[in-house]
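Subject: Structure for you to look at

Hello,

Here is the structure I promised to pass on. Please open it first, then read my notes below with the view beside you.

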Protein chains: 2
Amino acid sequence: MIVRQTNRHTVLREQLIAAAERTIASKGLAALRARDLARETGCAVGTIYNVFEHLDELVLCVGSRTLTMLEVALAAARPPVPDGSGTEPVDDLVRLALTYLEFAATHTVRWRALFQHRMSEDRPLPEWFVEQHRLFAQVEQPLTALLPQLDRKARRTLARTVFSAVHGIVALGLDEKLVSLSLSDLAGQLTAMVRAIAAGREELRAIDSADTPADLRRD
Amino acid sequence: MIVRQTNRHTVLREQLIAAAERTIASKGLAALRARDLARETGCAVGTIYNVFEHLDELVLCVGSRTLTMLEVALAAARPPVPDGSGTEPVDDLVRLALTYLEFAATHTVRWRALFQHRMSEDRPLPEWFVEQHRLFAQVEQPLTALLPQLDRKARRTLARTVFSAVHGIVALGLDEKLVSLSLSDLAGQLTAMVRAIAAGREELRAIDSADTPADLRRD
C-alpha cells in the first residue's frame, strides 16, 4: 500500500528512525521493540506499521545510516603522506582495512547489528537497500591497480572476498569469545594479512570454480 | 550452588541439551525459550535453573556439540590423494578452508548460532568451554610447515587470524544479504584467497604491532 507522504507522516518516520537508531546504537538489535518506539515517539504501536511496511524496513533504515557512516569513513581513508607520495595500492588496502577495524571498534554495537539482522519470513532484501550501498566499491580501486588484468566481474567478486576476509578478522578479533587480542595486535595481524594477500596476488588471477572439489559443487 | 548429580538430574540435563539442540539446529538461537524446553522435557520452567546455572550455559552446551562436530569434520579433512602424495601445507590449508565452508553450508543454522550467541549480562565465557575447544589448532600444523621460524605464540595468533579470514569469507558468502555467489564460486574464491595468503606468507613473518598507525594504538 502506498501511503501519501503527508508532512506528519514524514516527521513521524524520521522520529521513528531516530528512536530506533538510538536503541540499536546503544543496546543492539535485540533491544528493539515496537511498543518502546511507540512510547518514545508518542504514537500508537499500530501507527508504526502505517509508516513502515514492517519492522525490518525500519531496521534497514538504521542499517543504511550505519553503512553510510562506514562509507564516509572508508572514503576518508587516505594515505597520511602530505606530498601525496606513498599511495601504493597495497597501502591503500591496508588503510581501508585499518579504517574498517577502527569503525567497528568505535561503533561496535550498531556495526554488529548490521550483520546480525536477518529479514523476517525470508523476505528478500529490498532493491533500494542493495542499490544504495556498494560497500565493496572502495576496495575495487586498489585491487584494479594490483590486478589490472582482471575483468570487471572478477574484480567485483574479489573485492567482496577481500572485504569479507578483513571483516572476519575484525569480527572475530573484536569478539572476546574466541580471540583475545589487543586492538593494536589486531591491527598488526590485519596489516600483515592484507600485505600477504597483496604479495600473493598472482594466485587470485586463477579465480574460477574449475578447481573446486566435486563434493563442494552443489549448485 | 553445587547440585548433587542424581541420576534424574543427569537424565534431565541430557534431555534439555537435546531439546535445545533440536531447536537451535532447526530454528536458530532466537527461537530458544525456557518454557518450550520445559514443556518438551516435561519439567517445570524453574527446574531448568536447578540443572543449568543460566540459559547461557545450556546454549554453550549446544555450541560445544557444534564445535565438536566441526572439529571432527576438520580432522577428517585430508588430501584426497590415495598414495599420500600432495600433502603440501598449502593444500592442507585449502582443504581445511573448504571443509569449513562445507560444514557451514550444511549446518548453517546451528553454525550461525555459534557466532550469534553473546553471554548475557557480560558474563565471561566459562573456563570449561575455552579449554575444551581449540578451534584454531588444526590450522597451526600447516602454518608451522609454511612458516617454521615463527614462535609458538605468533603461530597461535596467526592461526586465529587465518581462521578468521576464512570465516569471514564463508560467513558473508553464505549471507544472501551482501553477497550472492554460488557455493562453487565461493569455494573458488576461498581457494584462491588461501593460496594467495600462503604465497605471500613472508609478509606474515613481520607480525608485530610496531607498524600500527598511532590512532589505532588505543590499549
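Start with B:Arg65 and B:Glu14, whose side chains meet in a salt bridge, with N and O 3.0 Å apart. Keep in mind that this is a predicted model. B:Arg65 sits in helix α4 (residues 55–75) of chain B, and B:Glu14 sits in helix α1 (residues 7–27) of chain B, so the pair ties together parts that are 51 residues apart in sequence. How open are these two residues? B:Arg65 has a relative accessible area of 29%, so it is partly exposed. B:Glu14 is at 40%, and that also makes it partly exposed. The general idea is simple: side chains of opposite charge can pair when their charged atoms come close.

**Salt bridges in chain A**

Now turn to A:Glu14 and A:Arg65. They form a salt bridge too, and their closest N and O atoms are 3.0 Å apart. A:Glu14 belongs to helix α1 (residues 7–27) of chain A and A:Arg65 to helix α4 (residues 55–75) of chain A, so this bridge joins parts that lie 51 residues apart in sequence. A:Glu14 has 39% relative accessibility and counts as partly exposed. A:Arg65 is partly exposed as well, at 28%.

Next, find A:Arg22 and A:Glu40. Their side chains form a salt bridge with an N to O distance of 2.9 Å. A:Arg22 is in helix α1 of chain A, while A:Glu40 is in helix α2 (residues 34–41) of chain A. The two residues are 18 apart, and the pair links distant parts of the chain. A:Glu40 has a relative accessible area of 41%, so it is partly exposed.

How many salt bridges are there over all chains? The count is 16.

**Chain A as a whole**

What is chain A built from, helices or strands? It has ten helices and zero strands. Read along the sequence, the pattern is α-α-α-α-α-α-α-α-α-α. Chain A has 219 residues, and buried residues make up 50% of them.

First, look at α4(A) and helix α6 (residues 108–116) of chain A. Their axes come within 10 Å and cross at roughly 120 degrees. Perpendicular would end at 115 degrees, so α4(A) is oblique to α6(A). The crossing of α4(A) past α6(A) is left-handed. On the α4(A) side, the contact is made by A:Val62, A:Gly63, A:Arg65, A:Thr66, A:Leu67 and A:Met69. On the α6(A) side, A:Arg110, A:Trp111 and A:Leu114 take part.

Then go to chain B. The axes of α1(B) and helix α6 (residues 108–116) of chain B come within 6 Å and cross at roughly 105 degrees. That angle makes α1(B) roughly perpendicular to α6(B). Which residues make the contact? From α1(B) they are B:Glu21, B:Ile24, B:Ala25, B:Ser26 and B:Lys27. From α6(B) they are B:Val109, B:Arg110 and B:Ala113.

B:Thr191 lies in helix α10 (residues 183–199) of chain B. Is B:Thr191 buried or exposed? Its relative accessible area is 10%, so it is buried. Leaving out residues up to four places away in sequence, B:Thr191 touches B:Val94 and B:Leu98.

B:Ala196 is also found in helix α10 of chain B. Its relative accessibility is 0%, so B:Ala196 counts as buried. What does B:Ala196 contact, beyond its neighbours within four places in sequence? The partners are A:Ala196, A:Ile197, A:Gly200, A:Glu203 and A:Leu204. These partners carry the letter of chain A.

Best wishes

Terms used:
Residues are numbered from 1 along each chain as its sequence is written. Chains are lettered from A and ligands numbered from 1 in the order in which they are written. This is a predicted model: local features need pLDDT of at least 70, side-chain atom pairs count only at pLDDT 80 or more; totals for chains, interfaces and linings use all residues. Side-chain values use heavy atoms; hydrogens and water are left out. A salt bridge is a side-chain nitrogen of Lys or Arg within 4 Å of a carboxyl oxygen of Asp or Glu. Helices (H or I, at least four residues) and strands (E, at least two) are DSSP runs, numbered from the N terminus. Buried means under 20% relative accessible area, exposed over 50%, partly exposed in between (1.4 Å probe, protein chains only). Axes are lines fitted to C-alpha atoms, for helices over the stretch in contact, and angles run from 0 to 180 degrees between N-to-C directions. Angles under 35 degrees count as roughly parallel, over 145 as roughly antiparallel, 65 to 115 as roughly perpendicular and the rest as oblique. A crossing is left-handed if the near helix is turned anticlockwise from the far one by less than a right angle, and right-handed if clockwise. Contact means heavy atoms within 4.5 Å.
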